[in-house]
Amino acid sequence: MDASGGMHRILRAWVEDQEAFGVEDLPAGELGRNPAETAATEEPALGAPLAAVGYALCLLRLLDSRHRDAVLACFVPVGRMALTAYVLHGAVFTLVYMPFGLDLLGILGPAASFALALALYAALTRFAQLWLARYRFGPLEYLWRWATYGVRPPLHLVNRGAGS
């Protein structure tokens with residue numbers, strides 16, 4: 001028996017033992033399908049690669065224009081607070097999509113999700129601008145530095161007008 005036959009037998013036993021593994025309502029015919037045959041019979045998905053190329057071309061066009069500095073400047077505050085932005089982004093979308101939050105998974109379509117992501121990025125960018133106007137690091141970056149170096153780093157910016 002070859003390796004694929006053994007794997008198929010293990011998979012079949014796993015599916016048949018639904019109670020032990022909690023598998024319910026397996027779509028009919030899913031177990032016996034060969035992924036290579038499935039991929040050959042389904043329509044090729046061109047949307048995602050074309051969108052990626054389009055985004056890349058738009059970014060290159062912006063970076064090659066006179067607006068380059070303004071485009072790059074919008075990424076700086078969030079980049080300086082990347083850990084904080086990452087955690088906040090995850091927390092917000094978890095609350096939006098999961099059942100213990102708003103439970104909008106499957107309700108919001110791709111366009112609404114994209115608009116929500118852009119709005120959240122804009123809000124995180126503004127939050128980062130306001131925070132970094134007063135403090136050296138983002139809140140989680142501050143805690144990370146403190147834990148890494150074992151010494152509490154200065155958080156507030158030095159008043160530039162007083163000592164000069």
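Tutor: Let's start with Thr84, whose side chain makes a polar contact with the side chain of Glu141 at 2.6 Å. Keep in mind that this is a predicted model: local features need pLDDT of at least 70, side-chain atom pairs count only at pLDDT 80 or more, and totals for chains, interfaces and linings use all residues. Residues are numbered from 1 along each chain as its sequence is written, and side-chain values use heavy atoms, leaving out hydrogens and water.

Student: What makes the Thr84 and Glu141 pair a polar contact?

Tutor: The label asks for a pair of N or O atoms within 3.5 Å; within protein, one must be able to donate a hydrogen and the other to accept it, and residues adjacent in sequence count only if both atoms are side-chain atoms. The pair sits at 2.6 Å, so the distance passes.

Student: Is Thr84 buried or exposed, and how do you know?

Tutor: Buried means under 20% relative accessible area, exposed means over 50%, and partly exposed is in between (1.4 Å probe, protein chains only). Thr84 has 3% relative accessibility, so it counts as buried. It's found in helix H7, residues 82-97. Leaving aside neighbours within four places in sequence, Thr84 is in contact (heavy atoms within 4.5 Å) with Phe127, Gly138, Pro139, Leu140 and Glu141.

Student: Which residues make the largest nonpolar core, and what makes it a core?

Tutor: There are 10: Val78, Met81, Ala85, Phe93, Val96, Tyr97, Leu120, Leu124, Ala128 and Leu132. Ala85, for one, touches Val78 and Leu124, not counting residues up to four places away in sequence.

Student: Which side chains meet in a salt bridge, and why is it called that?

Tutor: Those of Arg68 and Asp69, at 3.7 Å from N to O. The rule wants a side-chain nitrogen of Lys or Arg within 4 Å of a carboxyl oxygen of Asp or Glu, so this pair qualifies. The structure holds one salt bridge. Arg68, at 41% relative accessibility, counts as partly exposed, whereas Asp69, at 54%, counts as exposed.

Student: How many helices and strands does the protein have, and how do you know what counts as one?

Tutor: Nine helices and zero strands. Helices (H or I, at least four residues) and strands (E, at least two) are DSSP runs, numbered from the N terminus. Of the 164 residues, 16% count as buried.

Methods
Core = buried A, V, L, I, M, F, W, Y, C linked by side-chain atoms within 4.5 Å.
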